[in-house]
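Let's take a walk through this protein together. Have the structure open and follow along.

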Amino acid sequence: MAKEMKDVTTKSSQKEKHLLQKLHCSVKNYDWGLPGRVSEVARLARLNSGSQLDPEKPYAELWMGTHDSGPSFLASNNGGEMVTLKKWLSQNPDFLGEKVLQNWGCDLPFLFKVLSVAKALSIQAHPDKELARTLHKLLPDVYKDGNHKPEMTLAMTEFEALCGFITLKRLLSGKCTDIRTDYSNASLKNYAVWANSAELKALIHTVPEVARLIGAENADLVLQTSDQDGEGKVKAVLQAAFTHLMSANKERVTEAVNSLKFRLHDESKVRQLTDKEKLALQLEKQYPADVGVIAAFFLNYVKLAAGEALFLGANEPHAYLAGTCIECMATSDNVVRAGLTPKHRDVQTLCSMLTYKQGSPEILQGVPLNPYVNRYTPPFEEFEIDRCILPQGETVVFPAVQGPSIFLVTTGKGMMNIKGGSQKGHEVTEGDVLFAAANIEISIISASKLHLYRAGVNSKFFRAP
């Protein structure tokens with residue numbers, strides 16, 4: 001009897017030992033990443049796994065999860081063997097929780113990242129599930145899996161992005177002045193009103209290079225379309241114009257981008273350029289003669305403050321521009337690109353898959369769960385993000401949830417404890433990444449000011465019938 005009790009205690013202790021697992025994570029050195037000396041990804045990667053850094057090499061992304069393109073490994077290896085989190089979960093599926101296991105199998109449904117962006121990523125979109133399966137079947141070397149990739153971006157610093165199409169519908173009153181022939185103060189003021197309007201109709205008047213690349217017929221359709229024509233007609237007009245632009249040959253694109261560059265340099269001598277115009281010049285330096293420089297005018301220019309987030313559904317165009325962010329998404333690496341990139345471009349697929357919805361994206365501020373934690377909940381069941389800023393000497397509790405979590409510590413240190421656990425708590429410090437099993441309550445006590453992020457399955461998924 002005593003032996004049986006001892007065996008039960010030992011098994012329980014072994015299981016408890018695995019409820020929190022420290023991870024070593026993968027890094028991506030894409031050329032748009034910040035150099036090692038200033039990259040948050042580089043700093044966290046060094047702290048996470050002790051890797052040597054090159055101060056001039058770009059460090060773009062830190063991946064935390066089970067995707068085969070950037071797996072995480074258990075920090076506590078057995079006999080020197082590197083075990084991936086994915087393999088370990090396949091051998092210990094109970095740690096995922098019953099409902100997660102039933103819905104997604106022996107895998108995490110989300111992929112967690114940190115991004116350090118020095119220059120623009122591609123103008124891109126992510127396919128829905130049906131298109132992802134088709135693309136993966138047709139081009140498996142390009143589209144690595146058959147899953148969709150909704151995602152959410154949470155700014156750690158000021159973060160800039162292009163996201164979704166500007167509106168098409170309203171035409172400003174009056175006539176836009178041609179400031180190339182009229183430099184009066186009244187003219188400059190009139191032009192500024194038009195140029196700062198985030199609307200496609202105004203764009204036709206203020207950016208002649210756009211009008212040239214979309215063609216006279218499409219430009220006329222844009223100007224003639226109104227609200228009364230209905231949503232379907234508006235989207236069709238936008239799709240025709242954008243597709244014509246993105247499909248323009250290299251010679252025409254080069255001519256248009258150079259024309260834009262020289263025109264804006266000249267006009268900057270007599271007026272203040274708009275933020276979008278300044279961005280176009282910046283993009284031209286990063287990607288000379290690229291159609292994405294012109295395409296950027298079609299998209300909303302978004303600036304997030306630290307702690308603000310935006311979510312991106314399937315088939316929505318976007319491009320990250322600068323800054324450091326937390327990113328979470330469904331477990332996929334499917335990207336359809338068409339501009340601002342040296343990588344494979346699939347213009348036809350991108351232009352055909354987009355929703356062509358217009359308007360500014362929703363900026364999420366997060367919902368306070370307690371004085372220290374804000375939760376960001378997108379309309380996707382695979383994931384949510386918690387952001388925690390814990391002052392020195394304080395305690396915060398993350399209640400038990402029915403699915404797994406990944407914690408990332410970015411600043412400070414503290415102690416992480418499992419409620420009811422008999423084992424000593426886990427000391428955590430910046431750079432630590434931890435997998436937390438389902439159905440455990442975790443408390444954290446800060447030894448210094450502590451910043452951490454948690455990714456987990458969307459809480460609404462567990463409340464669904």
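For what follows, two residues are in contact when heavy atoms of theirs come within 4.5 Å of each other. Keep in mind, too, that this is a predicted model.

With that in hand, go to H318, which sits in strand β13, residues 318-330. Setting aside residues up to four places away in sequence, H318 touches S122, I123, Q124, A125, H126, E151, L162, C163 and L312. Is H318 buried or exposed? The cut-off for buried is under 20% relative accessible area, and H318 comes in at 2%, so it counts as buried. Its side chain also makes a polar contact of 3.3 Å with the side chain of H126.

Now hop over to E151, one of the residues H318 touches. E151 lies in strand β9, which covers residues 151-155. This glutamate has a relative accessible area of 1%, so it is buried too. Leaving out neighbours within four places in sequence, its contacts include H126, H318, L310, F311, L312 and Y320. Also among them are E327, C328, M329, F380 and F383. The side chains of E151 and H126 are joined by a polar contact of 3.1 Å. H126, then, has polar side-chain contacts with E151 and with H318.

Those names turn up again in the record. Which residues does UniProt list under "binding site"? In an unreviewed entry, UniProt gives Q124, H126, E151 and H318. They are spread over 195 residues of sequence, yet they cluster in space, with a largest C-alpha distance of 12.7 Å.

Next, the cysteines. A disulfide is a covalent bond between the sulfur atoms of two cysteines. How many disulfides does a search of the whole structure find? The search turns up zero. As for where individual cysteines sit, C351 is buried at 2% relative accessible area, whereas C106 is partly exposed at 34%.

Finally, take a look at helix α11, residues 250-267. This helix has 18 residues and reaches 26 Å from its first C-alpha to its last, close to the 26 Å expected at 1.5 Å a residue. The buried residues in α11 are V253, A256, V257, L260, K261, R263, L264 and E267. When you look at that list, remember that an α-helix has 3.6 residues a turn, so residues three or four places apart point the same way.

Terms used:
Residues numbered from 1 in each chain as written. Predicted model: local features only at pLDDT ≥ 70, side-chain atom pairs only at ≥ 80, totals over all residues. Heavy atoms only, no water. UniProt positions renumbered as here; feature names shortened; annotations may be inferred. Helix = DSSP H or I, 4+ residues; strand = E, 2+ residues; numbered from the N terminus. Buried < 20%, exposed > 50% of the residue type's maximum accessible area, 1.4 Å probe, protein only. Polar contact = N/O pair within 3.5 Å; in protein donor to acceptor, adjacent residues only side chain to side chain. Disulfide = S-S within 2.5 Å. Expected span 1.5 Å × (residues − 1).
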